[in-house]
Amino acid sequence: MTTPAAVIPPQRVKDCARKHAYDFEAVRQDFPILRQIVHGRPLVYLDNAATAQKPRCVIEAERRLYEEYYANIHRGVHDLSMKCTEAYDAAREKVRRRLNAAQAEEIVFVRGATEAVNLVAGSYGRSRVGQDDEILISALEHHSNIVPWQMLCEEKGARLRVIPMFETGELDLDALDALLGPRTRLLAITHVSNALGTVIPVREIVARAHARNVPVLVDGAQAVPHAMIDVRDIGCDFYVFSGHKAYGPSGIGALYGRRELLEAMPPYQGGGNMILSVTFEKTIYNEVPYRFEAGTPNIAGAIALGAALDYVESLGLDRIIRHEDDLMSYATDSLSSVPDLRIVGTAREKIGVISFVLEDIHPHDIGTILDHEGVAIRSGHHCAQPVMQRLGLTATARASFGLYNTREDVDALVGGIQKVIEVFA
Ligand code: PLP
């Protein structure tokens, strides 16, 4: 077998291992799309919570795979298949390291956070939830951590219960103990709210759920791009995220599951790769994690996600966190000084996201005018309609930050908002 270092072309290793002293010009140079001119203005990309842009080493990782060592994995004895398998397995190890999981076998490659939640609902949930049981979620969830549980509850005659939230966007954790009842079969909760940026104290919540023997799934889609994640310290049973929000490609993500839970779970989909043997009478399923990866997976996506994780590591996640912290404070102060602008979600701990509204101006109009200023933000319900309903809104404008954003980007946002106000004056 070749070593992973031999499999991954040397240039790619060098690209990804380059140490920036967090020099923005250098970091921004790594993202070719950021050089773009939009409506005659330099692009200011502030829609990172929807999806992040890709550094060149991620784009290159896919190109090199297809040009140099692409084949199907796990089934071939030929050179290319072995090289490709090794790179795919190395990517799994990178995800393990990023989440600090105990074993690579606890990492299942999926399409993204949505598929990971559906996998847990469809496999763990289907086999453990029955009539009159309860699934607990929070008022801050993205639709992808609501609808799969609703579907499961409908199928089984179970009940969905919800941890309420305050106007600030923080959860009412005093309600948690009363909601964790003898029929609660699972608690599924976000780590960071995509609509408001609230950071949820998942470690404390897991401890309280475990004290009642309730397993916990944490949706890390908005946490992985911005925070150090340690699934063993959090103590959760499942953790899910999407690669595309963490500078990797779309169509790839990961489910972390504690090994003993994964091993006890029935397969989610049937097909090739998830079996050890098949006869018409009986199929013996493969070991974890392969049991949950039926069919040919997103090989290129997994390998390029590995490159994205390498890239972030090369910049230093601690430096990224400090930088984004500064950006959030700067943006909060700057936006707070705009007359008639109200920040929606004022939790004490927030990362990545600032939602806001302007009196009498629809968020879609804000988004459209900002686009003409070259500033890309998102407006709408952010796939979190219950959050909007709770706050008496139908939509907000949302600016969300990534490792390449600067204080100048925030200034451009504020300048654009002044334009919006002028247009509607
Ligand atoms: N969970 C949260 C908190 C999200 O923000 C998102 C996407 O915005 C998802 C889950 C779903 O992610 P994906 O569409 O990549 O599966």
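These legends describe a predicted model of a protein chain with a ligand.

Local features need pLDDT of at least 70, side-chain atom pairs count only at pLDDT 80 or more, and totals for chains, interfaces and linings use all residues. Residues are numbered from 1 along each chain as its sequence is written, and side-chain values use heavy atoms, with hydrogens and water left out.

**View 1. The protein chain.** The chain has 16 helices and 17 strands (DSSP runs: H or I of at least four residues for helices, E of at least two for strands). Its radius of gyration, taken over C-alpha atoms, is 22 Å, close to the 22 Å that the globule rule gives for 425 residues, so the chain is as compact as a globular protein of that length. The rule is 2.2 Å times the number of residues to the power 0.38. Along the principal axes, the C-alpha atoms fill a box of roughly 75 × 55 × 35 Å.

**View 2. The shell around the ligand.** Residues around the ligand (a heavy atom within 4 Å) include Ala113, Thr114, Ser144, Thr190, Asn194 and Asp219. Also among them are Ala221, Gln222 and Ser242. The shell divides into 2 nonpolar, 8 polar and 2 charged residues.

View 3. Polar contacts here are pairs of N or O atoms within 3.5 Å. A side-chain N or O atom of Lys245 is 2.5 Å from a ligand oxygen. For His244, the distance from a side-chain N or O atom to a ligand oxygen is 2.7 Å. A polar side-chain atom of His142 lies 3.3 Å from an oxygen of the ligand. Taken alone, the ligand exposes 390 Å², and the protein buries 85% of that (Shrake-Rupley method, 1.4 Å probe).

Methods:
Polar contact = N/O pair within 3.5 Å; in protein donor to acceptor, adjacent residues only side chain to side chain. Nonpolar A, V, L, I, M, F, W, Y, C, P; charged D, E, K, R; others polar.
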